[in-house]
Amino acid sequence: MLVLRSIIVFSISFILFLTVWTGFSVIKDGPFQSEIKSTLHEIYGNEIALLINVKDLTFLLYKDTINTQEQAPISETTSLD
């Protein structure tokens, strides 16, 4: 349990560190500001695409389940012998 808690604390700390560092880099107008912004746009664009793909996959799995149930209904009289 202690190891899991340590991993979670480290992960949150690392994410917080990257967030603050990224914010500072964007605000200070450094030489790589445009590349940083471009990378951030790519990351967030991929996150949105991921969410859309997960939604589409969920919908397809739901449709597949409904069609499978309609094509092969489970008999109530099936015995396990």
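Predicted model: local features only at pLDDT ≥ 70, side-chain atom pairs only at ≥ 80, totals over all residues.
**Reading the labels on this model**

Colleague: How do you know that the length of H1 agrees with its residue count?

Modeller: The expected span is 1.5 Å times one less than the number of residues. H1 has 26 residues (2–27), so it should span 38 Å, and the end C-alpha atoms sit 37 Å apart, which agrees.

Colleague: Why is serine 25 called buried?

Modeller: Buried means under 20% relative accessible area, exposed means over 50%, and partly exposed is in between (1.4 Å probe, protein chains only). Serine 25 comes in at 13%, so it's buried. This residue sits in helix H1. Setting aside neighbours within four places in sequence, serine 25 is in contact (heavy atoms within 4.5 Å) with Gly30 and Ile36. Across the chain, buried residues make up 4% of the 81 residues.

Colleague: How many aromatic pairs are there, and what makes phenylalanine 10 and phenylalanine 14 a stacked one?

Modeller: Rings of Phe, Tyr and Trp (its six-membered ring) pair if their centres lie within 6.5 Å; planes under 30 degrees apart are stacked, over 60 edge-to-face, and the rest tilted. That gives two pairs. Phenylalanine 10 and phenylalanine 14 have centres 6.1 Å apart and planes at 20°, which is stacked. Both lie in helix H1, four residues apart, about one turn. An α-helix has 3.6 residues a turn, so residues three or four places apart point the same way. Phenylalanine 10 is exposed because its relative accessibility is 58%, and phenylalanine 14 is partly exposed because its value is 43%.

Colleague: Why is the pair of phenylalanine 17 and tryptophan 21 tilted?

Modeller: Their ring centres are 5.5 Å apart and the planes are at 50°, so tilted it is. They're also four residues apart in helix H1.

Colleague: What makes lysine 55 and aspartate 56 a salt bridge?

Modeller: The rule wants a side-chain nitrogen of Lys or Arg within 4 Å of a carboxyl oxygen of Asp or Glu. Here the closest N and O atoms are 3.1 Å apart, and the count comes to one salt bridge. Lysine 55 is exposed because it reaches 52%, whereas aspartate 56, at 32%, is partly exposed.

Colleague: Which residues form the nonpolar patch?

Modeller: Patch residues have over 30% relative accessible area and no salt bridge; nonpolar side chains (Val, Leu, Ile, Met, Phe, Trp, Tyr) are joined within 5 Å, like charges within 9 Å. Phe10, Phe14, Phe17, Leu18 and Trp21 form the patch, with about 570 Å² of accessible area together. Those areas come from the Shrake-Rupley method, with only the protein chains shown counting as cover for residues.

Technical notes:
Residues numbered from 1 in each chain as written. Heavy atoms only, no water. Helix = DSSP H or I, 4+ residues; strand = E, 2+ residues; numbered from the N terminus. Areas by Shrake-Rupley, 256 points an atom, 1.4 Å probe, with all protein chains shown as cover.
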